[in-house]
Amino acid sequence: MSATPALTAERPAAPPPRRRTSTTKRRQYRAAYLFLVPFFVVFITMLVVPLVYAGYLSLFESKLIGGQAFNGLGNYIRALTDPLFLEGLGRVGLFFIVQVPIMLGLALFFALALDTFRARGSKAIRLLIYMPYAVPAVVATLMWGYLYGPDFGPLAQIARAAGLGTPEFLSAENMLGSMMNIVTWEFVGYNMIIMYAALRSIPAELYEAAEIDGAGQFRMAWSIKIPAIRPAIMLTVIFSVIGSFQLFAEPSLLSIIAPNVVINSYTPNFYAYNLAFVNQELNYAASIAFLLGIVIAVVSYIVQLGAQRRERRERSLS
Amino acid sequence: MIKKTRRTALALVGGAVSIGLLLTGCTPSSGGGSTDTVSQDDIDKAMTTPTKLTFWTWVPDIENEVKLFEDKYPAIDVTVENVGQGLPHYQKLRSAIEAGEGAPDVAQLEYQYIPSFVLNESLLDLTPYGADDLAGDYVDWAWKQVAPDAEVWAIPQDVGPMGNLYREDILAEAGITEPPATWDDYATAAKAVKEKTGSYISNLGATQAGQMIGFFWQAGVKPFGYDGKETVKIDVNSDDAKKVAGYWTDLVQQDLISTDVDFNDTWYQGLASGKYAGWLTAAWGPIFLQGTAESTSGLWRAAPLPQWTEGEEVSGNWGGSSDAVLASSKNPIAAYELAKFINNDESSAMKLATEQFLFPPQVSVLEDPAFADQESEFYGGQQVNKLFAQISTTVDTDFQWVPFMDYVYSTYEETMGTVIADKGDIAAALDTWQDQLVKYAEDQGFTVE
């Protein structure tokens, strides 16, 4: 079987002819809107209004001397030519390309392994893999910062004892890799749970049919399980796009132990924060945040588009 | 030097407290604007009218000093709030000022941040309240920090004149029996210590702007200036600054001085384990070190900083705070009285110095035998307070700041920190740093001198 057909294809071409809404229907509608009100109130006050306000702010320029003045798209032009912002963007882009496949690959592997061998102890293993996600990112980063320490960190001590010299986890060259490791450790379990849940919902008849056809476990994983959970995998990819591009807690905490490596513009999100609170360039920070949002939207869209195109191609082949 | 624990540690030790209280019933002056001198009658009235004051500070247990104030002025009720140390504190203060509400009456400010609050007219000029009369109570250079021109912006709470803490045993092992008197001696000693014991004579915190600026201060470098309006002076790459930077480049490149980032675990352990045989630090350092390197008690000694010219006695400052009254305070008289009481009342100032271990700027405390004659076991019975009290009189009085030290420190970490950590040419990095600072200042609308 190929992927589930896209919903759009199933939608009827034309709406049914309009009929006068009955009183009951009207009452139902009213109730529906009433139930939606709390959501919209929170959504508008907590999300839309701040967003619009940030957008508004990003069009101004504020100086320590002279105060605020309208600046049009000046902040955006500055951001697009700001090497610090572009470097930061490049860094999280690289992070996304390298770290996300590793993380999701591992998550998928664990999910398939757990699903295939529902043996004793699998519950405990599932919990163990998931546990890092329950550790707050702040705590995790502090912990890894200690593990990475060049003098007294256990990893360095083990390496030295084994005669390998001191590994420089926190040097400029290795910092991004060290962060990838932390994030992977943190989020493998989370992604695994999403995939595992999707795997459990595959109807058993498919496996029976595959077995009758003589398919082994690997064949089943490749031809049944992975295609069946593709929507779940897509979901984890989109989450990962957002997570990578918004990297903040890790650089912000590692900058305490390696401030000369994790500079204030290390990731775009961290840059926006520092612009606002260290450089006191609130308006410029707002435009950086906006641009970052646009980049995330575009990347997510491209990822989704790629997946859909593939789906369509496969459907036309089958 | 904000974010980060380092700042926290620094701020904690060097921190200050302020006062903020006020009374109601004060003269109806709008913040900052009043220039008429406040009369004793006004003060008496203000101090006996029931008033609530808010005081933002991160000095631990400051409630004890505030209690003394409340005992003296029962009508006044002070709420102490700790909204964070260093950067978070300033961020919240700026937000409250910007929002026009929620700002405290009195707030702790480190000296280098005073200009950034003068810039947007957030501080109350304390001269009409009689602050001028306090000038003689403080060491000159500390007073100059809060009153660079005609106005008085805050009351000094604590300071950090710099000295040299060193491990007597490690230096003795290297054949050095006297603390190095000049920087040349220090370089020679560094070589001996490294060769004979394997220790670094001290560590230059790669990203520690406060320490380097302290060295500049000692060498007579005047990297910054601000006229209180729109003109700033930025001169971090002067010849004198490059002389200091070149000295450190030399030691760092010979691997005689380590350049670990300070105030983190690795560094704490380095102090305790003898990796560093010394620490060039401020007057808040001795107590801080006691807590950090307990196991080495009795092995440390304190001395003045090595000198550039033999026989001179000059030092710089690193850290310390003051207490300022916000221009938005509705009870400026009481607020001023609180800021003054905490840092000027004999019992309160003494408490700060002997219980919270803030190194005092008050001449009376510095000279008080109860403070100066304390003998510290950690330093082999040495009278460390007395030594730093003497050093405190040798700090250059004219050192000033720019009103955007947050930016100055954060670019130091990035531009200078990278070069120092990589053992590069520190003097050359000063040029890059200078360009960054000038560009920022110009972008922000300042005239750069």
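# Why do we call it that?

Q: Where is Lys423(B) found in this predicted model?
A: Lys423(B) is in the loop between helix H18 (405-421) and helix H19 (426-443) of chain B. The model you're looking at is a predicted one.

Q: Why is Lys423(B) called partly exposed?
A: Its relative accessible area is 34%. Buried means under 20% and exposed means over 50%, so Lys423(B), at 34%, counts as partly exposed.

Q: What makes the phi of Lys423(B) worth a look?
A: Most residues other than glycine have a negative phi. Lys423(B) isn't a glycine, yet its phi is positive, near 60 degrees. Gln280(A) is also not a glycine and has a positive phi of about 60 degrees. You'll find Gln280(A) in the loop between helix H13 (268-277) and H14 of chain A.

Q: Why are H11(A) and H14(A) called roughly antiparallel?
A: The axes of helix H11 (residues 230-245) and helix H14 (residues 282-317) of chain A cross at roughly 160 degrees. Angles over 145 count as roughly antiparallel, so that is the word for H11(A) and H14(A).

Q: What else describes the way H11(A) and H14(A) pack?
A: Two packed helices are described by the angle between their axes and the distance between the axes. Here the axes of H11(A) and H14(A) come within 9 Å, and the crossing is right-handed.

Q: Which strands of chain B are joined to E9(B)?
A: Strand E3 (residues 106-110) is joined to E9(B) by five bridges, running antiparallel. Strand E4 (residues 155-167) is joined to E9(B) by five bridges too, and this pair also runs antiparallel. For landmarks, Val106(B) stands opposite Val325(B), while Pro161(B) stands opposite Asn317(B).

Q: Why do E5 and E10 of chain B count as standing at the edges of their sheet?
A: Three strands form an open sheet in the order E5-E6-E10, with mixed pairing. Strand E5 (224-226) and strand E10 (447-448) each have a single partner strand, so one side of each is left without a neighbour in the sheet.

Q: How do you know that E6(B) and E10(B) pair?
A: Two strands pair if there are at least two bridges between them. Strand E6 (residues 231-234) and E10(B) have two bridges, so they pair, and they do it in the parallel sense. Val232(B) stands opposite Val448(B) in E10(B).

Q: Why is the pair Phe263(B) and Trp267(B) called tilted?
A: Over all chains, the count comes to 57 aromatic pairs. In this one, the ring centres are 4.7 Å apart and the planes are at 40 degrees. Under 30 degrees would be stacked and over 60 edge-to-face, so 40 degrees makes the pair tilted.

Q: Are Phe263(B) and Trp267(B) buried or exposed?
A: Buried: the relative accessible area is 1% for Phe263(B) and 2% for Trp267(B). Phe263(B) and Trp267(B) belong to one aromatic cluster, which also includes Tyr268(B) and Trp318(B).

Q: What makes Lys243(B) a charge over a ring?
A: Lys243(B) lies over the face of Trp308(B), at 4.8 Å from the ring centre, and the cut-off is 6 Å. In chain A, the charged end of Arg78(A) sits over the ring of Tyr284(A), 3.7 Å from its centre.

Conventions:
Residues numbered from 1 in each chain as written. Chains lettered and ligands numbered in written order. Predicted model: local features only at pLDDT ≥ 70, side-chain atom pairs only at ≥ 80, totals over all residues. Heavy atoms only, no water. Helix = DSSP H or I, 4+ residues; strand = E, 2+ residues; numbered from the N terminus. Phe/Tyr/Trp six-rings, centres within 6.5 Å; stacked < 30°, edge-to-face > 60°. Buried < 20%, exposed > 50% of the residue type's maximum accessible area, 1.4 Å probe, protein only. Lys NZ or Arg CZ within 6 Å of the ring centre and 35° of its normal. Axes fitted to C-alpha atoms, helices over the stretch in contact; angles between N-to-C directions. Parallel < 35°, antiparallel > 145°, perpendicular 65-115°, else oblique. Left-handed = near helix turned anticlockwise from the far one by under 90°.
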